[in-house]
Amino acid sequence: MTSWNPSEYDKQWIDMAAAGKDPHGEVAYIQRLIQRRGLKPGLSILDAGCGTGRVAVELDRRGYCAAGTDVDIDMLGEARSKAEHLKWTQADLARMDLGTSFDLIVMAGNVILFIEPADQPLVAASLRAHTNDGGLVLAGMQLARDDGRHVAVTQWDAWMTGAGFALVERFANWDEGEWRQSADYVVSVHQVTSK
């Protein structure tokens, strides 16, 4: 497990906003996805691998029912300090048991890449156990990294299909750039197809 300094982690998003860039591209994508798929208002969303809560807090600010989970207690502490009213749970995504399920689960930033390789295939089944029937799982990840961490698109799809999901849309970035095999980033949305 990688240990993060919450303040250093948040600095990248603060710097992005200071440079005039939107640090909430994932949330903007989620809003478009919800509208495009005609999903109900007030749906429940889990920010899985939430870190310091950037995505969940912004979803809450925009009126969605959001919660967050992360394995790193220090990151969760920072998330709680930003939005004490949200439910923040410490959990390993490969083995979590949150006692509830969600309409949408989002893993916004390379979350799967920071899970031990032996545990990565377990994440899909864990996500299924926490996704309502007909619900969606949204994941974004780099496909080539200097540190050697990677999950192939075909691996991710196989794990998700095996857990009872089907791919419903895929892009090369959060701005919905056209997906190509040569892309170095992928945003995938899978929907529950079976129990």
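Helices (H or I, at least four residues) and strands (E, at least two) are taken as DSSP runs and numbered from the N terminus. On this basis Trp-156 and Trp-159 both belong to helix α6, where they are three residues apart, about one turn of the helix. The structure is a predicted model, in which local features need pLDDT of at least 70 and side-chain atom pairs count only at pLDDT 80 or more, while totals for chains, interfaces and linings use all residues. Residues are numbered from 1 along each chain as its sequence is written, and side-chain values use heavy atoms, with hydrogens and water left out.

Two strands are said to pair if DSSP finds at least two bridges between them. Seven strands form an open sheet with mixed pairing, in the order β3-β2-β1-β4-β5-β7-β6. The edges are taken by β3 (87-90) and β6 (165-171), each of which has a single partner strand, so one side of each is left without a neighbour in the sheet. From one strand to the next the twist averages 20°. For the angles, axes are lines fitted to C-alpha atoms, for helices over the stretch in contact, and the values run from 0 to 180 degrees between N-to-C directions.

Strand β4 (residues 102-107) runs parallel to strand β5 (residues 131-142), and five bridges join them. Along this pairing, Phe-102 stands opposite Thr-131 in β5, and Leu-104 stands opposite Leu-136 in β5. Together with helix α5 (residues 120-129), β4 and β5 make a right-handed β-α-β unit. A crossover counts as right-handed if, with the strands pointing away from the viewer, the path from the first strand over the helix to the second runs clockwise. The pairing of β5 with β7 is antiparallel and spans seven bridges; here Gln-142 stands opposite Tyr-185 in β7. In a regular strand the side chains alternate between the two faces of the sheet.

Helix α6 (residues 153-162) lies across β4, β5, β6 and β7 (185-192), and runs at about 10° to β7.

Helix α2 (residues 25-36) has 12 residues and reaches 16 Å from its first C-alpha to its last, close to the 16 Å expected at 1.5 Å a residue. The expected span is 1.5 Å times one less than the number of residues in the helix. Residues are called buried under 20% relative accessible area, exposed over 50%, and partly exposed in between (1.4 Å probe, protein chains only). In α2 the buried residues are Gly-25, Glu-26, Val-27, Ala-28, Tyr-29, Ile-30, Leu-33 and Ile-34. These buried residues pack against β1 (44-48), α3 (54-61), β4, β5, β6 and β7. Gly-38, which follows α2, has a positive phi near 65°.

Rings of Phe, Tyr and Trp (its six-membered ring) pair if their centres lie within 6.5 Å, and planes under 30 degrees apart count as stacked, over 60 as edge-to-face and the rest as tilted. The structure holds three aromatic pairs. In one of them, the rings of Tyr-29 and Phe-171 have centres 6.0 Å apart and planes at 75°, so the pair is edge-to-face. Tyr-29 lies in helix α2 and Phe-171 in strand β6, so this pair ties together parts that are 142 residues apart in sequence. Tyr-29 is buried, with a relative accessible area of 0%, and Phe-171 counts as buried at 16% relative accessibility. Trp-156 and Trp-159 also form an edge-to-face pair, at 6.4 Å centre to centre and 80° between the planes. Both Trp-156 and Trp-159 are buried. Tyr-29, Phe-171 and Trp-174 form one aromatic cluster.

Several loop residues complete the description. Asp-119, in the loop between β4 and α5, counts as buried at 15% relative accessibility. Apart from residues up to four places away in sequence, Asp-119 touches Ala-94 and Arg-95. Asn-110 is also found in the loop between β4 and α5 and counts as buried at 11% relative accessibility. Although Asn-110 is not a glycine, its phi is positive, at about 60°. Glu-176, in the loop between β6 and β7, has a positive phi of about 70° although it is not a glycine. With a relative accessible area of 23%, Glu-176 is partly exposed.

Key
Contact means heavy atoms within 4.5 Å.
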